[in-house]
Amino acid sequence: MLNSKIPPGVLDQKWSDYKGHVKLVNPSNKRKLEIIIVGTGLAGASAAASLGELGYKVKAFCFQDSPRRAHSIAAQGGINAAKNYQNDGDSVFRLFYDTIKGGDYRARESNVHRLAEVSTNIIDQCVAQGVPFAREYGGLLSNRSFGGTQVQRTFYAAGQTGQQLLIGAYQALERQVALGNVKMYSRHEMLDVVVIDGKARGIIARNLVSGELERHFGHAVLLCTGGYGNVFYLSTNAMGSNVTAAWKAHKKGAYFGNPCFTQIHPTCIPVSGDHQSKLTLMSESLRNDGRIWVPKKQHDTRKANEIPEEERDYYLERRYPAFGNLVPRDVASRAAKERCDAGYGVGSSRQAVYLDYASAIDRYGRIECGKHGLENPSAQEVRQHGVEVVKEKYGNLFDMYEKITGENPYELPMRIYPAVHYTMGGLWVDYELMTTVPGLYALGEANFSDHGANRLGASALMQGLADGYFVIPYTIGNYLADEIRTASIETSHPAFEAAEKEVADRIHTLKNINGTQTVESFHKRLGKIMWDKCGMARNEEGLKTAIEEIRQLKAEFWRDVKVPGGIMEMNPELDKANRVADFIELGELMCLDALTRKESCGGHFREEMQTEEGEAKRDDENFCFVSAWELKGEGNWELHKEPLVFEVAHPSQRSYK
Amino acid sequence: MEHYTMNLNLQVWRQKNKQDKGHFDTYQVSNISSEMSFLEMIDVLNERLIREGSDPIAFDHDCREGICGMCSMYINGKPHGPWEGTTTCQLHMRAFRDGDTIVVEPWRAKAFPVIKDLMVDRSAFDRIIQSGGYISVNTGNAVDGNSIPVEKEKADASFAAAMCIGCGACVAACKNSSAMLFVSAKVSHLALLPQGSPERKTRVLDMMAQMDKEGFGSCTNTGACEAVCPKEISITNIARLNAEYISAGLTEDK
């Protein structure tokens, strides 16, 4: 039976009440308790720093060469917080409500409310750490808008907000390393969780430089290992982002929550060819000022600037007048796909829409000309001033676009298309962020908890830091308070020995298959199955076929994969083989979850379930629950349902019209 | 944009591990699209090497968006290759022409030992940050984010320094393998903010001491670092670092 441990009481008092009554660990006992943290992105680095500050003995692991490189660094647009600095009607309740609604009523109210509550502390903490957020001339913090909201609550540092927040957390982490509270293991990959007497007690990690397997004990283990978007091969995730840690936890008894909830981000640079290794996001902040359109005529081969204004279809503004270009991501992505599928796509692949800055350049240009006292400015003067403003706001994004495509976005509209970006699903956790394995926690994107079926822009950074700075330092005490009498377990314990042997055997098997096909080629094939049949639109037949195809692919992988190099050395192909093997298994579960959920909600769009206007049709009567999957054996899962109860934000048809 | 394909002659540094002496191997790659990124070109070569039964070229990379700082190739004598303000992962093959020879090496610096092929160990940078590259504020201690206004110009300058991705191109480009641009970016980022002020003196002294300890060389102001920095971190940060260092050194009180 799933116990979500939601505290009793009214929604906006739950977290305060919880904090007031939660068990504490006294400082002298904290020194004796060891915590393992896997992953050093926003969630992992902030947790490692905060728990180190509290006096726990922390060991942190990352597969990159430095904790500063975790993929949180690539987040561009911003971080939400209910500060209401703009006096535009924001509040903790509104942030809570927008997040629940944005998630299409598939998130847990109590968790989301807590997230909205601590959002304001995050901004304060980051400013104190020296995160250089954008500021106004008066010296105070600046905000901008993001999709799915009608207030300005997004804090940002140009197009590099994730980088600046991560560096803040990384520096706090390195400070704890210097103080001896955290021991850092870079270029290490977790390959198993060690469970003793039903509790998580450590991990098996591989030193990626030497190839050696290491055993590490911890009184608790925190997985802060991000999302699994790379199951699609092409995504905006970093090349190394993987599901392995979460998948090993799943195999050791942790349930997987809502695996099919994937976010397809509407504004990415389109695929240019078969060689493509990853996709690049263009920040959602670009939808603040850019207008999205396609030609009104099907199969129009004219260049963008040859198509007159009246022959352009600004389809988001047409379909959703209230939110226009700032509808939530799932809605914007589906609308782009709909236009392209109907034959209105642009570019050589016809799988793209335009994101146009011409009118923003004109609008800003006129304002600037006014400021400079230019009466009747020439078109050229307007343009020149407008370009300057756009450059200051979005310059780094425009430069990135130009480097990748070779086209100048100040002259031509950008071509964009949706791409896999984030996974709302993840390890099932309770209110305390603990998985179904006692002592094993999941934070940040690695858990399923806060975004329901669709995440709003600028909320991933908020959740990662909320979990690490302000949630886990409280909730972990509730578990560790009962562990103070548990002495460190020697890593010669049979459970460690067995786990290490299992890992070593698998590595040897992978290495010794010595087949004919590369790891990369399997990954590409998996990605294609997932994108075609479990991507932006899903249907019963496709999902059933996908499951069959994935099973065949799995058998073929274990029969014919070719892994070069040795085991006891730096071997990136071996690392990749381990990860792809796990992605294949995850792919099957995602399709199974998508098949079972016979409703459309958020990013999960079942073609059989749509309104006449082509909008997602939720089925609250039958599917108002979290799917938590328990692994029973190879390719065999049991579904557990956590009912979602909405006491405050009552589900309604999500409308952005 | 005109697309074309090309055949190239690659000379790549191969080194089995830290102890190995290392050598160049030559590879011919054909049919490379001008739309590929440089790393995708290496991917194509690696796939071929694996199929042929040889060891693929090991290199560091992760985000492939120019922000994580992991990629680190020294291409035709320049860190991150021919384009200005660009990381290796953002370098695209349009930068090259059919028939070109491209020489690819790892970062070369005493403080960055080679791990394998084009991968180096940059943990020295982490240890420099550990020595003082932070503001000592525990979680939960913070005051309201708007309680201390920060002059926009200073906040912007601080951000411009904080954009450093810690890739180490500055060290690789410097004839003395100095890490001054990296250290100055961090010192500037924090010194320009009121929040960083209390530890201003100890920070710069400790970070400089750690830099020397790690075996990085001295700065002779040739500007090679600034010229190759993918984030175009300005050398004026080094001037600020020197000023901070001198003033911290001249006053004993902390």
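Residues are numbered from 1 along each chain as its sequence is written, and chains are lettered from A, with ligands numbered from 1, in the order in which they are written. Because the model is predicted, local features need pLDDT of at least 70 and side-chain atom pairs count only at pLDDT 80 or more, while totals for chains, interfaces and linings use all residues.

Chain A has 18 helices and 21 strands; helices (H or I, at least four residues) and strands (E, at least two) are DSSP runs, numbered from the N terminus. Its C-alpha trace spans about 80 × 55 × 50 Å along the principal axes. For 657 residues, a compact globule would have a radius of gyration near 26 Å, and the 24 Å of chain A agrees with this. The radius of gyration is taken over C-alpha atoms, and the globule rule is 2.2 Å times the number of residues to the power 0.38. Of the 657 residues in chain A, 59% are buried. A residue is buried if 20 or more other C-beta atoms lie within 10 Å of its own, exposed if 12 or fewer, and partly exposed in between, with C-beta atoms placed from the backbone. Among the contacts in chain A between residues at least 6 apart in sequence, 73% join residues at least 24 apart; two residues are in contact if their C-beta atoms, placed from the backbone, lie within 7 Å.

Chain B has 8 helices and 7 strands. Its C-alpha atoms fill a box of roughly 65 × 45 × 35 Å, taken along the principal axes. Buried residues are 53% of the 254 residues in chain B. Of the chain B contacts with a separation of 6 or more, 70% are between residues 24 or more positions apart.

Where the two chains meet, chain B contributes 68 residues and chain A contributes 66 residues. On the side of chain B that touches chain A, the elements giving two or more residues are α1 (38-51), β6 (114-116), α2 (123-130), α3 (152-162) and α5 (180-191) of chain B. The most comes from α1(B), with 7 residues. By class, this side of chain B has 28 nonpolar, 23 polar and 17 charged residues. Here Ala, Val, Leu, Ile, Met, Phe, Trp, Tyr, Cys and Pro count as nonpolar, Asp, Glu, Lys and Arg as charged, and the others, Gly among them, as polar.

Leaving out residues up to four places away in sequence, Leu427(A) touches several residues, among them Leu223(A), Ala246(A), Phe256(A), Ala442(A) and Phe448(A).

One helix pair in chain A can be described in detail. Helix α3 (residues 42-54) and helix α6 (residues 161-178) of chain A pack at an angle of about 35°, with their axes 8 Å apart. Axes are lines fitted to C-alpha atoms, for helices over the stretch in contact, and angles run from 0 to 180 degrees between N-to-C directions. The residues in contact include Leu42(A), Ala45(A) and Ala49(A) of α3(A) and Leu165(A), Ala169(A) and Leu173(A) of α6(A). By class, this contact has 10 nonpolar, 3 polar and 1 charged residues.

A few loop residues remain. Asn258(A) sits in the loop between β10 (256-257) and β11 (262-268) of chain A and counts as buried because 30 other C-beta atoms lie within 10 Å. Its C-alpha atom is 8.7 Å from that of Ala594(A), although the two residues are 336 residues apart along the chain. Beyond neighbours within four places in sequence, the contacts of Asn258(A) include Met424(A), Asp593(A) and Ser627(A).

Ala458(A), in the loop between β17 (440-442) and α13 (460-480) of chain A, is not a glycine but has a positive phi of about 70°. Ala458(A) is buried, since 28 other C-beta atoms lie within 10 Å. Asn76(B), also not a glycine, has a positive phi of about 50°. Asn76(B) lies in the loop between β3 (74-75) and β4 (78-79) of chain B and is partly exposed, with 16 C-beta neighbours inside 10 Å.
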